[in-house]
Amino acid sequence: MELARKFKLMFSNVPMLGWFLGTLVAVLIEYYWGYDHISYYLGLPKIPVLFGALIMLKEPLMIPGAIGYDLIVYVIPILLVAKLSASFTNPLAAVFERLPLWLSVIIHLVVFYAILHLWSGINDYRILIVKLTLVSIILTISINVINGYQGEFSCSHPGFMALGAYTSSIITLVLFVNDKVFGPALLPEAFGPWLFPFALLAGGVAAALGSLLVAIPSFRTRGDYLAIISLAFMFIVKSAVENLDVIGGARGMGGQPDYAPLPIIFIWTMLCIWVVHNFVTSILGKALNTVRDDEAASESMTIKTKKTKMTAFMFGAFWAGVGGGLFAHVLAYINPGMFSINRLAEILAMVYFGGLNSIVGSIVGAVTINVLGEALRPLELFKWIIIPLILIFVMIFRPYGLISFKEINAKRLLRAKNKNMDENIENDLNKDMVKGKLGV
Amino acid sequence: MSALLSVKNMTHYFGGLRAVHNYNLNIAPQQIVGLIGPNGAGKTTVFNLITGVYTPTQGAITLENENIKGLETNEIATKGLGRTFQNLALWRHMNVLDHIKMAHYSQLTYGLFGAFFNTPTCRREEAHVEENSYRLLELFGIKQHAKQMVTSLPYGAQRRVEMARAMATNPKVLFLDEPTAGMTPDELVQMIKIIRQVHEDFKVAIFLIEHRMKFVMDLCQHIQTLVFGEIIAEGPPEAIQNNPQVIEAYLGKEDLT
């Protein structure tokens with residue numbers, strides 16, 4: 001604990017830009033020397049894909065090598081560069097502070113994307129992991145709108161996802177692909193990437209309309225009963241798709257064109273985060289919380305609770321549909337089995353692990369569960385013992401999830417950290433205290 | 001004198017139980033009316049019927065000569081009936097400032113599109129609401145708690161938050177359901193002060209349920225006594241205080257032997 005505090009204090013003057021610079025250096029080191037020099041001399045067969053987790057679990061003899069690799073490539077350069085560069089990243093961050101916030105955020109995001117692109121560009125496996133993680137972030141945030149902000153226990157998310165995935169897949173297959181089932185392409189293929197966003201939006205709208213089947217019962221019932229209804233909805237969608245031979249039935253549907261490269265998914269994810277953040281921090285969005293905490297009081301305070309509930313469901317389902325559409329185009333194959341109880345368990349695990357009522361929590365949850373899921377793959381069956389165990393422990397110590405009831409404050413996140421440092425630390429402490437009271 | 005809020009012959013049944021019978025009420029602008037009665041008399045039910053939580057079986061309710069019976073609770077609230085609750089009904093994951101902001105819900109015009117994309121209209125309206133909320137907080141003496149969670153506040157302050165929140169909806173009639181329940185004598189005196197101040201500053205009519213006689217006699221210009229869902233006595237405080245029927249309902253029949 002003491003060590004962590006000292007560590008925090010030591011790096012308290014590093015702005016976000018400094019961390020980005022450190023990570024960029026680390027990624028460049030891996031890009032240029034990772035294979036030829038570092039992993040070769042450490043006796044590793046190739047660049048460790050996920051920080052060496054896979055190699056360590058497969059061949060315990062390689063553990064020192066993998067740890068050494070992590071230290072040399074990631075830990076030491078990031079910490080060193082971040083700390084040493086603080087003297088010029090801080091003034092730079094101060095310059096950015098004077099820019100409009102949106103511009104500063106976009107610049108940071110571009111830098112972040114560059115890092116992500118370089119890191120995942122090392123091999124295809126990493127690209128796939130990053131893509132699926134980004135899609136998971138969309139799904140987790142969207143279910144957080146319903147289960148966290150609105151406080152219902154909805155189990156229909158895979159159903160919404162399926163609606164979005166199938167709708168957008170059908171649109172792209174009919175319009176841009178010479179498909180066996182749907183016949184020749186109706187439009188020239190070159191239009192595809194440009195019209196793809198509309199296919200995704202259509203998928204989102206389909207999911208939003210489908211969500212009405214769950215939203216309307218939610219006027220009269222809550223809790224366990226609504227959970228059963230929403231679970232039923234998920235199975236209805238799954239069975240319906242299984243029995244529709246036009247769209248492949250249980251065999252599934254393949255051949256979606258590759259319209260979802262990393263940058264596109266990244267942009268959609270950021271768009272999702274931005275829109276959901278705007279919504280949940282506005283008064284209309286906070287109405288979701290009031291309906292969750294006390295419906296009668298909300299009604300008496302002029303809040304339209306029925307409209308609010310419908311909005312929550314449709315909005316959450318819309319983004320689930322968009323996520324489903326991206327998912328279909330990442331894998332280029334979908335079948336009804338993908339949108340069943342396993343997917344539900346995964347999504348619920350991500351949102352409850354990460355934290356209710358918080359976008360940051362959702363991001364953390366989605367990334368952790370996804371990366372853990374991949375990293376522990378060599379353990380095979382034990383993976384499904386370890387991940388639930390972690391979940392149980394999180395639930396014991398943090399009943400609302402790791403980071404709950406906390407919103408992103410972009411200004412605070414990106415600001416320079418050299419001036420009046422004491423004040424900053426004090427603010428942080430105060431914030432922690434307020435949070436501590438919350439985490440009852 | 002035309003009544004601001006008027007209720008005529010309101011009767012309500014819960015299944016076979018007659019909870020309220022032939023209830024009449026007239027509140028003039030800026031009048032303070034009290035509703036007293038023993039436990040289980042149906043006082044809170046009367047509140048819930050007028051504010052639209054339940055729809056009365058019979059009777060008419062009008063606000064400024066406009067029918068409000070059968071509307072949704074939020075529509076009635078928007079038309080100008082603000083209320084507090086007997087057992088505090090605060091939103092436990094929200095801070096004080098957000099409580100007051102939320103009560104401005106019906107005054108927003110920016111719509112979902114504005115909320116999703118944080119349009120200039122949305123930002124302007126929210127800034128306006130925030131300013132107004134701080135003003136209210138200051139008036140109720142809880143500005144220093146603005147960023148605190150409501151659950152961490154002392155009881156008296158929570159009551160104030162509830163009142164401030166009700167006032168944020170811009171009510172014409174304010175319904176207070178036992179505003180001093182569970183308060184210390186000190187807090188009681190404070191509460192009387194606050195209610196007087198609200199009454200003067202906002203020119204609002206007040207309808208309140210209360211058990212403490214001192215409080216009711218101090219504040220109200222007109223008092224109704226409700227027993228088993230029926231009004232047994234009505235009038236100015238002095239008349240009620242000495243009314244034998246009221247004394248009987250509260251203390252039991254006087255033994256004459």
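Two residues are in contact if their C-beta atoms, placed from the backbone, lie within 7 Å. This is a predicted model, in which local features need pLDDT of at least 70 and side-chain atom pairs count only at pLDDT 80 or more, while totals for chains, interfaces and linings use all residues. Residues are numbered from 1 along each chain as its sequence is written, and chains are lettered from A and ligands numbered from 1 in the order in which they are written.

**Figure 1. Overall fold of chain A.** Chain A has 19 helices and two strands; helices (H or I, at least four residues) and strands (E, at least two) are DSSP runs, numbered from the N terminus. Its radius of gyration is 23 Å, close to the 22 Å from the globule rule for 440 residues, so chain A is as compact as a globular protein of that length. The radius is taken over C-alpha atoms, and the rule is 2.2 Å times the number of residues to the power 0.38. Along the principal axes, the C-alpha atoms of chain A fill a box of roughly 60 × 55 × 45 Å. Of the contacts in chain A with a separation of 6 or more, 79% are between residues 24 or more positions apart.

**Figure 2. Helix α12 of chain A.** A residue is buried if 20 or more other C-beta atoms lie within 10 Å of its own, exposed if 12 or fewer, and partly exposed in between, with C-beta atoms placed from the backbone. Buried residues make up 42% of the 440 residues in chain A. Helix α12 (residues 283-293) of chain A is mostly covered, with 10 of its 11 residues buried. Among them are Lys286(A), Asn289(A) and Arg292(A), as well as Ile283(A), Leu284(A) and Leu288(A).

**Figure 3. Overall fold of chain B.** Chain B has 10 helices and 10 strands. The C-alpha atoms of chain B fill a box of roughly 75 × 40 × 35 Å along the principal axes. Buried residues make up 43% of the 257 residues in chain B.

**Figure 4. The open sheet of chain B.** Six strands of chain B form this sheet in the order β6-β7-β8-β3-β9-β10, with mixed pairing; two strands pair if DSSP finds at least two bridges between them. β6 (81-83) and β10 (230-235) of chain B stand at the edges with a single partner strand each, so one side of each has no neighbour in the sheet. Strands β3 (residues 32-36) and β8 (residues 205-209) of chain B run parallel and are joined by four bridges. In β8(B), Ile206(B) is the bridge partner of Ile32(B).

**Figure 5. Surroundings of Gly80(B).** Gly80(B) lies in the loop between α2 and β6 of chain B. Gly80(B) counts as buried because it has 20 C-beta neighbours inside 10 Å. Leaving out residues up to four places away in sequence, Gly80(B) touches Leu63(B), Pro171(B), Lys172(B) and Val173(B). The C-alpha atoms of Gly80(B) and Lys172(B) are separated by 4.9 Å, although the two residues are 92 residues apart along the chain.

**Figure 6. Contact between chains B and A.** Here 33 residues of chain B are in contact with 27 residues of chain A. On the chain B side, the elements giving two or more residues are α2 (73-79), α3 (96-102), α4 (111-117) and α5 (120-139).
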